[in-house]
Amino acid sequence: MAASADLLALRAQLSRAEKAARRAPPPTPARPARVQAPLKPQRQAELSGVSTDDFSLAQAHARLRDAVYDGRYHLCPHAIGHARAEGFLEHDVLNVLLTGRVRAVYTEERRWLVCGYFEACGVALPLHVVAQPQRDGHVDIVTAFVPKHPHHIISRARLAVMLRYDDEQVRARTAPAGNRVGHRGKGRWKKSA
C-alpha cells in the first residue's frame with residue numbers, strides 16, 4: 001500500500017511539474033553580440049576626424065534641436081539651391097533636423113551630418129543635412145541633399161569636395177511639353193487600310 005501511495009505522489013508531483021513547465025514562457029534566446037566588420041584601411045583613413053560615438057552625437061542633436069526650436073538657424077544659399085533642384089522645401093529640412101539622426105560629427109570643420117526622410121508624392125525619400133554650429137548658439141544649415149547611398153557616412157574629404165566644387169547656380173531644366181490635344185506628333189502610328 002505504501003509503494004502505491006509513493007507512486008501516486010510521484011505521479012502527482014510529475015504532473016504539477018509538467019503543468020508549470022507549460023505555463024512558463026519559453027526563455028528568450030540570447031542574441032549574439034553584434035560584431036561590426038572591421039573597416040577597410042582606405043575607409044578608415046577617410047573617416048579620420050569623424051566622430052560617431054553616442055555621446056557626441058546625442059550632445060550635437062540636443063544643441064541642434066534647441067537652436068531650431070528657438071529659431072536660431074540660417075539656411076545658406078547652397079542648401080536653397082539644392083532644395084530647388086531636388087524638390088524639397090525648407091520645412092522638410094527643418095523636419096529632418098528635428099526628427100532625424102545626427103550620424104557624424106566632423107570635429108575639424110565643426111559640422112554635423114543629420115540624416116532623415118522627407119515625403120514627396122507619398123514616397124519617403126532620404127535627405128541628408130549638413131549643419132554648422134556657431135559659438136553664439138546659432139546653426140548654419142550649410143547644405144541639404146538627397147544622397148545616392150542613404151546609410152553611408154560621407155567622409156570629410158568628400159564633403160569638402162562637394163561643398164567646394166558644387167555650383168551656386170541651380171542646374172535644373174524643365175521638360176518641354178509633349179503633344180497637346182489637337183497637335184499632331186511626329187511619330188504617329190500609321191493608320192491601317
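Start by selecting C121: in the hairpin of strand 4 and strand 5, with 2 residues between the strands, C121 takes a positive phi near 55°. Before moving on, note that this is a predicted model, where local features need pLDDT of at least 70, side-chain atom pairs count only at pLDDT 80 or more, and totals for chains, interfaces and linings use all residues. Residues are numbered from 1 along each chain as its sequence is written, and side-chain values use heavy atoms, with hydrogens and water left out.

Strand 4 (111-120) and strand 5 (123-133) pair in the antiparallel sense over 9 bridges. Helices (H or I, at least four residues) and strands (E, at least two) are DSSP runs, numbered from the N terminus, and two strands pair if DSSP finds at least two bridges between them. Pick F118 and you'll find its bridge partner, L125, in strand 5.

Follow strand 5 onward to the next turn. Select G137, which has a positive phi of about 100° and sits in a hairpin of strand 5 and strand 6 with 5 residues between them. These two strands run antiparallel, joined by 6 bridges. Click V129 and look across: A144 of strand 6 stands opposite.

Stay on strand 6 (residues 139-145) and pick T143. Is T143 buried or exposed? T143 counts as buried because its relative accessibility is 0%; the cut-offs are under 20% relative accessible area for buried, over 50% for exposed and partly exposed in between (1.4 Å probe, protein chains only).

Next, I141. Leaving out residues up to four places away in sequence, its contacts (heavy atoms within 4.5 Å) include Y73, H74, C76, V93, L97 and V129.

I141 also takes you into the largest nonpolar core, which has 24 residues; L64, V102 and L127 are among those with the most contacts inside it, as is I141. Such a core is a set of buried Ala, Val, Leu, Ile, Met, Phe, Trp, Tyr and Cys residues joined through side-chain atoms within 4.5 Å. Helix 3 (54-69) is one of the elements supplying at least two residues each, and its share, 5 residues, is the largest. For a second, separate core of 10 residues, select L113, C115, F145 and I153, which are among its members.

Last stop: helix 5 (90-99). Which residues of helix 5 are buried? Select D92, V93, L94, V96 and L97. Among the elements covering them are helix 3, strand 2 (73-75) and strand 6.
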